[in-house]
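Hello,

Here is the structure I promised to pass on to you. Have a look at it first, and then read my notes below.

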Amino acid sequence: MNSATLTISSKNYSSWSLRGWLLTKFAGLPFAEKIISPDDPAMRAELLLLSPSFLVPCLTHEGIKVWDTLAIGEYLNEIKPEAHLLPEDRMKRTHCRSICGEMHSGFFALRSALPVNLKGDFPNFKVWERAQADIDRIAVIWRNCLTSYGGPFLMGERSMADAMYAPVVTRFLTYHVTLDSVCSAYCQQIIAMPEMIEWTEAARLEPEEIVELDAEF
Ligand SMILES: N[C@@H](CCC(=O)N[C@@H](CS)C(=O)NCC(=O)O)C(=O)O
């Protein structure tokens with residue numbers, strides 16, 4: 001039996017659920033998924049009990065409850081240090097935390113204008129100027145990491161940063177965002193991960209279009 005449960009919502013729309021789920025997978029912690037349907041009032045009442053913030057993801061493990069993606073990542077790094085969610089080298093670790101923090105607290109224009117929608121495909125999408133500024137900043141972050149540490153992941157080996165930026169990768173693909181070859185190769189690296197394939201296949205099987213969540217970030 002799994003000693004951990006991860007509460008998440010729609011796999012097609014929920015960017016934070018994807019981050020928390022990838023972090024838990026990368027850490028190698030076996031877990032059961034509890035999927036909350038965002039438009040079901042009974043489920044939402046249950047969510048309040050499971051996640052004090054009323055937000056997902058929320059991880060429960062051996063009686064400990066941890067919510068908010070960064071806190072989940074830090075917790076997983078503490079209990080599974082061998083997974084290197086945060087790099088061992090202090091300078092790299094600090095860099096990793098900084099770019100994860102930047103994702104967690106920023107890029108609002110990108111997040112609101114290009115919502116995650118794994119089943120969506122919008123080839124002629126017009127990117128708003130402020131969203132483009134976010135995209136440009138993300139491309140600088142990625143290029144800096146990939147050239148400094150040699151790839152194929154942002155910190156060289158897979159880390160918390162790749163989980164944090166994975167929903168950005170899916171947005172870039174959904175909305176056909178123009179990228180240079182370094183960033184495009186990174187996107188391909190992320191979507192080819194077995195964990196991403198598993199998540200995307202499950203998202204495609206989700207039956208309903210959740211209009212409410214089309215505006216989530
Ligand atoms: N800062 C939070 C953000 C979490 C968040 O906004 N989650 C969204 C789903 S992606 C949510 O739970 N929204 C409320 C709802 O769907 O009812 C984190 O890092 O985990």
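To follow the pairing of residues across the sheet, you need one definition: two strands count as paired if DSSP finds at least two bridges between them. Please also keep in mind that this is a predicted model.

**The sheet**

With that in hand, look at strands β1 (residues 4-8) and β3 (residues 58-61), which pair in the antiparallel sense over four bridges. Within this pair, T7 stands opposite C58 in β3. Both strands belong to an open sheet of four strands with mixed pairing, in the order β2-β1-β3-β4. Because β2 (32-35) and β4 (64-67) stand at the edges with a single partner strand each, one side of each is left without a neighbour in the sheet. From one strand to the next, the twist averages 20°.

**The helices on the sheet**

Helix α1 (residues 15-27) lies across β1 and β3, and runs at about 160° to β1. Helix α3 (residues 69-79) also packs on the sheet, where it touches β3 and β4. The direction of α3 makes about 135° with that of β4.

**The two domains**

The protein is divided into domain 1 (4-83) and domain 2 (90-198). Their centres, taken over C-alpha atoms, are 21 Å apart. Where do they meet? Twelve residues of domain 1 are in contact with 13 residues of domain 2. On the domain 1 side, α1 and α3 are the elements that give two or more residues, and α1 supplies the largest share, seven residues. By type, that side divides into six nonpolar, four polar and two charged residues.

Enjoy exploring!

Key:
Residues numbered from 1 in each chain as written. Predicted model: local features only at pLDDT ≥ 70, side-chain atom pairs only at ≥ 80, totals over all residues. Axes fitted to C-alpha atoms, helices over the stretch in contact; angles between N-to-C directions. Contact = placed C-beta atoms within 7 Å. Domains from an automatic or database assignment. Nonpolar A, V, L, I, M, F, W, Y, C, P; charged D, E, K, R; others polar.
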